[in-house]
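Biologist: I am new to this structure, and I would like to go through the words used for it one by one. Could we look at it together first?

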Amino acid sequence: FEGITIVELAKRTGQNINYLKQILTNVGEKIDTEFDPITVDVAELIAMEAGVNVRRLHSDEGAVLEPRPAVVTVMGHVDHGKTSLLDALRLTSVAAKEAGGITQHLGAFVVSMPSGASITFLDTPGHAAFSAMRARGAAVTDIVVLVVAADDGVMPQTLEAISHAKTANVPIVVAINKCDKPSANPERVKIQLGSEGLLLEDMGGDVQVVEVSALGRTGLDKLEETLLFQAEMMELKARINGPAHAYVVEARLDRGRGPLATMIMQSGTLVSGQYVVVGAEWGRIRALRDMTGKVIEKAWPAMPVEIEGLRGLPMAGDDVIVVETEERARMLSTGRKEKMERDRLRKAMEEKFEIPDASG
Ligand code: GTP
Ligand code: MG
């Protein structure tokens, strides 16, 4: 048992002690004095509630970090062929064929390469209305595949995708798609991207460009190779043991099964039957499924999984944490809901009683 005090936690997170104590109460923990040790588990929970980057706390120092698959998000303008490209990649993948049917609407799946390495792919919509979804996609990913149609060229959501990737500090691999079309002009696309500030390898930069055709199924090997190479350079690792941390990419209500959340595992091991808090919702994992729909017992970093058993519908982008007891799950969920309601009210008040600027 390794403990930490709330005083120490305040110091390490730069947060106010009373604020942290309030959260401690919300998660159902009691301490007599500020110098009583709390478990690292609880400390992590509190830090998360306080909006502190937990990686700093759970300094994976000492924890064993192991290589993990890359998470790759496909982004680009509407109709430039993102989904088609993913479909094509899936067919070229040996293991995906072996695994059988893949649930497409979940927007996440795993492709196993002949080399044995695997990549987790996330599909995003290109329609202008889904900007928030793309921002989240960029935030949870290791690499962005920017799909640009060779005939259409750089369009508004191409630029938006570049900006999301840059904000999230995620490397971009460009896939110039639809190269089978007679009107395709990949060179023009490269020049356009270059003038938007993307330093392409052809121009001496380090952004890799691959010319592909999802329909003609050309350039796919090269794309996979490029992604694996990029991932290898990043030396992606994660803590495999210990409590799971994940992010929701999609949530929906199923008539028979209730709320379902698709999530990407970030660290730790998620085990079927555990209590989880997902955003402001909570539940006990009744069933854990991989992206082929198979019921599994455990999930590890970079795996997309679907959980069943939540009491309410979470939101895409919500984080997933594991808690020890039902009581704590309930409390955390209630605490978060109350906070959301307070924030909502405060915002509504501010809007209603907006005080005119006195300076002018
Ligand atoms: P959103 O998800 O709506 O943003 O679209 P998307 O980027 O996923 O595009 P999608 O894969 O749905 O493809 C759009 C259209 O382009 C479809 O009609 C595809 O058949 C076509 N298409 C996709 N890839 C290619 C390609 O390589 N060559 C040609 N000729 N057509 C393609
Ligand atoms: Mg699509």
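Biologist: What percentage of the residues of the protein count as buried?

Modeller: Of the 360 residues, 47% count as buried, where buried means under 20% relative accessible area, exposed means over 50%, and partly exposed lies in between, with a 1.4 Å probe and protein chains only as cover. This is a predicted model, in which local features need pLDDT of at least 70 and side-chain atom pairs count only at pLDDT 80 or more, while totals for chains, interfaces and linings use all residues. Residues are numbered from 1 along each chain as its sequence is written, chains are lettered from A and ligands numbered from 1 in the order in which they are written, and side-chain values use heavy atoms, with hydrogens and water left out.

Biologist: How many helices and strands are there in the protein?

Modeller: The protein has 11 helices and 19 strands; these are DSSP runs numbered from the N terminus, helices being H or I with at least four residues and strands being E with at least two.

Biologist: Why is strand E8 called largely enclosed?

Modeller: Six of the six residues of E8 are buried, so the strand is largely enclosed by the rest of the structure. Both of its faces are covered, with Ile172, Val174 and Ile176 buried on one side and Val173, Ala175 and Asn177 buried on the other.

Biologist: What makes E7 and E8 a pair?

Modeller: Two strands pair if DSSP finds at least two bridges between them, and six bridges join E7, residues 143-149, to E8, the two running parallel. Within this pairing, Ala149 has Asn177 of E8 as its bridge partner. From E7 the chain crosses through helix H8, residues 156-167, to E8, and this β-α-β crossover is right-handed, a word used if, with the strands pointing away from the viewer, the path from the first strand over the helix to the second runs clockwise.

Biologist: Which strand pairs with E8 over three bridges?

Modeller: That strand is E9, which pairs with E8 in the parallel sense, and Ile176 stands opposite Glu211 in E9. E8, H9 and E9 also make a right-handed β-α-β unit.

Biologist: What is the phi of Lys178, and where is this residue placed?

Modeller: Lys178 has a positive phi of about 65° although it is not a glycine, and it belongs to the loop between strand E8 (172-177) and helix H9 (186-195). Most residues other than glycine have a negative phi.

Biologist: Why does Lys178 count as partly exposed?

Modeller: Its relative accessible area is 22%, so Lys178 falls in the partly exposed class.

Biologist: Why is Arg217 also given that label?

Modeller: Arg217 has 39% relative accessibility and therefore counts as partly exposed. Its phi is near 50°, a positive value in a residue other than glycine, and its place is the loop between strand E9 (209-211) and helix H10 (220-234).

Biologist: Why is Lys30 called exposed?

Modeller: At 79% relative accessibility, Lys30 counts as exposed, and this residue lies in the loop between helix H2 (17-26) and strand E2 (37-39).
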